[in-house]
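Here are my notes on this one, jotted down as I went through it. Have a look at the structure first, then see whether you read it as I do.

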Amino acid sequence: MENKIIENTVLKFEHVSVSYVPGKNAVDDINADVKEHAITAIMGPSGCGKSTLLRAINRMHELYKGITVSGHILLKGEDIMEMNPMQVRCKAGMVFQRPNPFPTMSVYDNVLAGYKLNGIKLKKSQKDEIVESCLRDVGLWKEVKESLNKKGTFLSGGQQQRLCIARAIALKPEILLMDEPTSALDPIATNKIEQLALELKKIFSIIIVTHNIAQAARISDMSMFMYLGELIEYEKTKIMFTNPKDKRTEDYLNGQFG
Amino acid sequence: MSRRIIKDKVAKIVVCLFSGLTVIPLAAIIWELVKKGYHQINWDFFTKVAPNTLDAMLAQRSGQIIPGGIANGITGTLIMVVMAALLAVPCGLFAGVYLSEKPHTGFSKAVSFLTDLLQGVPSIILGIIAYAWVVKPMGSYSAIAGSIALFIMMLPLIVRSTEETMKMLPSNLKESALALGSSYRSVILKVLLPSSFGGLFTGILLAISRVMGETAPLMFTALGSMQVNWDVTAPTNAIPLLIWQFYNDPNLVGMIWASSLFIMILILILNITASRVARKWKIR
């Protein structure tokens, strides 16, 4: 599939390092520009720091003691470290490994959860509109329009994950962070999420962390390969998969380790 | 049969036997209470108070059941348990949420340790404390004093059950709520607490059923009253307290069994409801 990459930068990493233990960087001095309206895949073996890097973007590390993030991350030119973390998280939506709709909320309320939790009041008509358009965007509208008042947890795993994506995009974020969003799903559900990501990149910019090399090859425009906390290679996916520059990237893509 | 299969069979029988043994006390208690208490239970039992000792004696002499009932105990228990719960539920919930959210601070370790200690304080001591703190200054035995004693008793139970319930919530629930840009406060109030509703409610019901049967904390505080009393500043009765008072009056001993049966059923219902709620509202 030929993807036209619009060469605008949405997110910029400048010397980003993250450490869980003082003196030892789990993510070490990352510099990269993430393109707008593209899917950027972060690949690498377990423990290479790909999720850690992703979670630095929406400042999730601040929830835990002892994790330090240094360097700058610019979202549309604005340093996220100088923004209010709650504001950052509205602009950078996140989808997690396991589908996790709020168990007490209906499908309808799950989509609007971001508004509800932030205390943003909406008119009924606005709510209906957001719910319908977000559920349409994630291809869930036809499946759930009859059961909007049922609990989100009654849906299948794949549907739940799409609901979580709807919940994340309802706030109209600049960028969508996906942390191995299909690793808990079956191949059919995985395929739907991948197709969805390809649709959503028209509206949002997507960074997806994945264990699955084939998935990165299928859907991403740009690929990062991380190893032991370092960004080894960052290239257009097509180029990286056909002509990797670094020996480690080549070995990883060939399945020599990982 | 090989030795292994025989050993397996023997082990199975032993395990079943001992599991069965634990059921026997409860079954025996209920059987005994029903056998001795059921004939006292009628409409009057719930709506009237116990007769004086002479009337009770005369009724029994003429082969009738003791007239009257335990309305004063039922209302008193209701008042005191509700007041105790109104105090203990908010305090306990907040403390429990704090302990589960910030388990590593020195303060929360201290609170946690003291909660355990409080749980171990004999209930009669809580009664004496409430006597010194409430009855003495107020100059009267009262439902307030009784409910303070029950409140102190409920508190550690609710703190612990809240803490355990909140700790059992999947951690990604909190992360996903925060990832939507919401404040910590609204995550707790709108996501975590509602999600743990089943566990919290169960904990509260169990705490209520635990203090409902308590006599010792009420002896120095609520004291007892032979009339139905809605005034929270006046001496008030409670069902377990009544049982103790019936025991001290040879002509009213017959009321013990019916009262015991009633409170036993009440507590069983609370416990069964609690386990139902826990199952129904279980979060995956």
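**Notes on chain A and its partner**

1. Let's start with the contacts inside chain A: of those between residues at least 6 apart in sequence, 69% join residues at least 24 apart. Bear in mind that this is a predicted model.

2. On secondary structure, chain A has eleven helices and ten strands. Its radius of gyration is 18 Å, close to the 18 Å that the globule rule gives for 258 residues, so chain A is as compact as a globular protein of that length. The C-alpha trace of chain A spans about 55 × 40 × 30 Å along its principal axes, and 54% of the 258 residues in chain A are buried.

3. Now the interface. Chain A puts 30 residues into the contact, and chain B puts in 18 residues. Together the two chains bury about 1900 Å², with 63% of that on carbon and sulfur atoms.

4. What about specific pairs? Seven residue pairs are in polar contact across the interface of chain A and chain B, both residues being at pLDDT 80 or more. The salt-bridge count between the two chains is one: the side chains of A:Arg55 and B:Glu175 meet at 2.6 Å, N to O.

5. Which parts of chain A supply at least two residues each to the side that touches chain B? They are α2 (85-91), β6 (92-95), α4 (113-117) and α7 (157-169). The largest share, four residues, comes from α4(A). By type, the residues on this side of chain A divide into 17 nonpolar, eight polar and five charged.

Methods
Residues are numbered from 1 along each chain as its sequence is written. Chains are lettered from A and ligands numbered from 1 in the order in which they are written. This is a predicted model: local features need pLDDT of at least 70, side-chain atom pairs count only at pLDDT 80 or more; totals for chains, interfaces and linings use all residues. Side-chain values use heavy atoms; hydrogens and water are left out. Contact means heavy atoms within 4.5 Å. Buried area is the accessible area (1.4 Å probe) that two parts lose on being put together, summed over both. A salt bridge is a side-chain nitrogen of Lys or Arg within 4 Å of a carboxyl oxygen of Asp or Glu. A polar contact is a pair of N or O atoms within 3.5 Å; within protein, one must be able to donate a hydrogen and the other to accept it, and residues adjacent in sequence count only if both atoms are side-chain atoms. Ala, Val, Leu, Ile, Met, Phe, Trp, Tyr, Cys and Pro count as nonpolar, Asp, Glu, Lys and Arg as charged, and the others, Gly among them, as polar. The radius of gyration is taken over C-alpha atoms; the globule rule is 2.2 Å times the number of residues to the power 0.38. Buried means under 20% relative accessible area, exposed over 50%, partly exposed in between (1.4 Å probe, protein chains only).
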